[in-house]
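Welcome, and please open the structure in your viewer. This tour goes from stop to stop, telling you what to select and what you will find there.

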Amino acid sequence: MLSILVILPSVQYVFAAEEPGEYLDRRVEIWNLFFRMMTVAFVVGAVVSGTLIWLIWRFRESHPKAKPTSYEEKGVW
Amino acid sequence: MVLELAKPRPIWYIMFSTHHTDIGLLYMITSLAFLFMGGALAIAIRMELFYPGVQFIADSMTFNRMFTIHGTTMIFLFILPFASGVGNYFVPIIVRYKDMAYPKLNAIAFWMIPPAGALVWLSFADFGWYAQPPYSLISSPAPAADMWIFGLKILGVSSILGAINFIVTILKCKHPDLPLSKMPLLGWSFLSSSIIMIVAMPTFAAALLMLLMDRMGVTGFFNPAMGGDPIAYAHLFWFTFHPEVYVLVIPAIGMMYEIIPRFSRKPIFSQGSGMFAFIMLALVSFASWGHHMFATGMSFTEKTVFMIGTLAAVPASAMHVFNFLATMWGGRIKFATPMMWATGGIALFFAAGAGGVVNTAMPLDFITHDSYWVVGHFHLFVFGTIAFGSIGFLYYMFPYITGRMYHEKLGQVHFILSFVGAVMVFFTQHILGLFGMPRRVFDYPPIPEWIAMNQLAGVGAFLILAGSVIFLGNLIYSSGKGKDADMDDPFGLGGKYYYPYQAKTPHH
């Protein structure tokens, strides 16, 4: 969703680019789009990877604070 | 439970059976055999590239043959049949039906694979796994190329028959008390991937037929000398094979949906978002094939459309990852071997997806195009995500198939070697691509960075090989001499699940 939100403002440049003389502008815009996407990708990547590592550490069954889930008591999940 | 080795059945009972679990077993054994065969070629390729210059492969043509058959084997003879094997086991159980909808058709679909595999391997064709014309028309020696084409035709028909069977079994044979919205996500993964298969595969079947006729000189669809257009083949090929990427990955995600809640001791966080994401992936898989062809002279507008179409897969893929993370959150996770593979698969899936976003951004695509970056990205998906999900699920199914437990410590060592190896090989290949090394090369100039990174990738490949040897030994030894599994709860997780139901499914 973030990627789509980043792309949408740039779409107008793409479809307005049929006239001569705008070639360089389109390249500038697309590189600009790329760097913005990369910024989003690296931030999201760091957050998701960090969350995964933390989840593995915190919710392993050998963690001192681990406790049975509510579903274990019912025996069905 | 179909193959209780303590009470063995004659092998031909299984070979000529039309029962879904027997056919599932045949699919999996066959696919694992091809995994090791294709893996041996990969090791040979990495050994050849360990140093610049010629090592032990005689010439570039032989090298081309090796990576062609490696790619064809891994995609068509390992990943697809393995997923079909899992589907054969679980789809009838999930939908609570006695078998697949068409058991004999199911057996026919499986028995097409061994002869097709033999054709592919005996051909040892040299034109890459996508047989790109005009090379495949004018230079590729016959009969190798023709045998490969026939092998792929047979595999395509087998895949289509299998997909029809899955769709009919799920939609028409499902128990009336089980609404589709409550069907486990593994079932949804097979439904969506089968629909993609049905829509996508006929295009490639037609393209192969056109290619064969071109090779025979009857037509000139893709032959520039006869007024044909090789780019048309690329369009037809990628119209099938970009969606095919999702056919490969969606069942692996479905397998993770079985493992992660089970070992987190919680239900899946959101059944609805998982279903929605599968449907979305099935739809957007057809909106992105052109991103493989940015360098073929497409207009800027076309490239932008395909770039946005490809990026549309990001939200759906992210929904799966967030669903997995949210399921693990608050659980009491047992990191047995299947869960380790599934978790590693999530991490590598995310990394591969991030690389995919870079690939589809057309400015960078021109930098990474035809470089080792592409090799690293593709393998991070097929090995890091699909093979990780599949191997994890094989460990998960092992006690249900054999009635015995695999050796847990060896399974964990296998995972660690494979995970570290995958990172060393495929992350390194991304960087190697950015350093300018082209893919599909037999030799390379002695640039110090290229040598170092190829050697790092080579060491990673050997780690994967070591893990694979342990894996094979574990499977063989534990099948015969492993501890008896508690069939109600082989992993000691507690709770009730639907798998023991399969023990009640009668053979026929």
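Which residues does Glu48(B) touch, not counting residues up to four places away in sequence? Keep that in mind while you get your bearings: what you see is a predicted model.

**Stop 1: Glu48(B)**

Select Glu48(B), which lies in helix α2 of chain B, residues 20-48. Now show its surroundings: leaving out residues up to four places away in sequence, Glu48(B) touches Gln55(B), Phe56(B), Ile57(B) and Phe63(B). Is Glu48(B) buried or exposed? Glu48(B) has 20 C-beta neighbours inside 10 Å, so it counts as buried. Along the sequence, Glu48(B) and Phe442(B) are 394 residues apart, yet their C-alpha atoms are 7.7 Å apart in space.

**Stop 2: the nonpolar core**

Next, select Ile79(B), Val249(B), Met256(B), Ile259(B), Leu281(B) and Val382(B). The largest nonpolar core has 163 residues, and these six touch the most other members. Colour helix α15 of chain B, residues 372-402, too: this helix gives the most to the core, with 21 residues. Then centre the view on Val382(B). Its contacts, not counting residues up to four places away in sequence, are Met74(B), Ile79(B), Leu248(B) and Ala387(B).

**Stop 3: two loops in chain B**

Move to the loop between α5 (113-123) and α6 (135-138) of chain B, where you will find Pro134(B). A cis peptide bond, with omega of about 10°, joins Pro133(B) to Pro134(B). Phe124(B) is also found in the loop between α5 and α6 of chain B. Phe124(B) is not a glycine, but its phi is positive, near 45°. With 15 C-beta neighbours inside 10 Å, Phe124(B) counts as partly exposed.

Now jump to the loop between α9 (230-264) and α10 (271-284) of chain B and select Arg265(B). Here again a residue other than glycine has a positive phi, about 60° in Arg265(B). Arg265(B) has 22 other C-beta atoms within 10 Å and is therefore buried.

**Stop 4: a pair of helices**

Select residues 408-434 of chain B for helix α16 and residues 448-481 of chain B for helix α17. How do these two run relative to each other? The axes of α16(B) and α17(B) come within 8 Å and cross at roughly 155°. An angle over 145 degrees counts as roughly antiparallel, and α16(B) and α17(B) are therefore roughly antiparallel to each other. Their crossing is left-handed. If you colour the residues of this contact by type, you will find 20 nonpolar, nine polar and no charged.

**Stop 5: where chain B touches chain A**

Finally, bring both chains into view. How many residues does each chain bring to the contact? Chain B brings 34 residues and chain A brings 31 residues. On the side of chain B, select α11 (300-311), α12 (313-328), α13 (337-360) and α14 (362-368), each of which supplies at least two residues. Among them, α13(B) gives the most, with six residues. The residues on this side of chain B divide into 22 nonpolar, seven polar and five charged.

End by selecting chain A itself. Chain A has three helices and zero strands, and its elements run α-α-α from the N terminus on. Of the 77 residues in chain A, 13% are buried.

Note on methods: Residues numbered from 1 in each chain as written. Chains lettered and ligands numbered in written order. Predicted model: local features only at pLDDT ≥ 70, side-chain atom pairs only at ≥ 80, totals over all residues. Axes fitted to C-alpha atoms, helices over the stretch in contact; angles between N-to-C directions. Helix = DSSP H or I, 4+ residues; strand = E, 2+ residues; numbered from the N terminus. Parallel < 35°, antiparallel > 145°, perpendicular 65-115°, else oblique. Left-handed = near helix turned anticlockwise from the far one by under 90°. Nonpolar A, V, L, I, M, F, W, Y, C, P; charged D, E, K, R; others polar. Contact = placed C-beta atoms within 7 Å. Buried ≥ 20, exposed ≤ 12 C-beta atoms within 10 Å, placed from the backbone. Core = buried A, V, L, I, M, F, W, Y, C linked by C-beta atoms within 7 Å.
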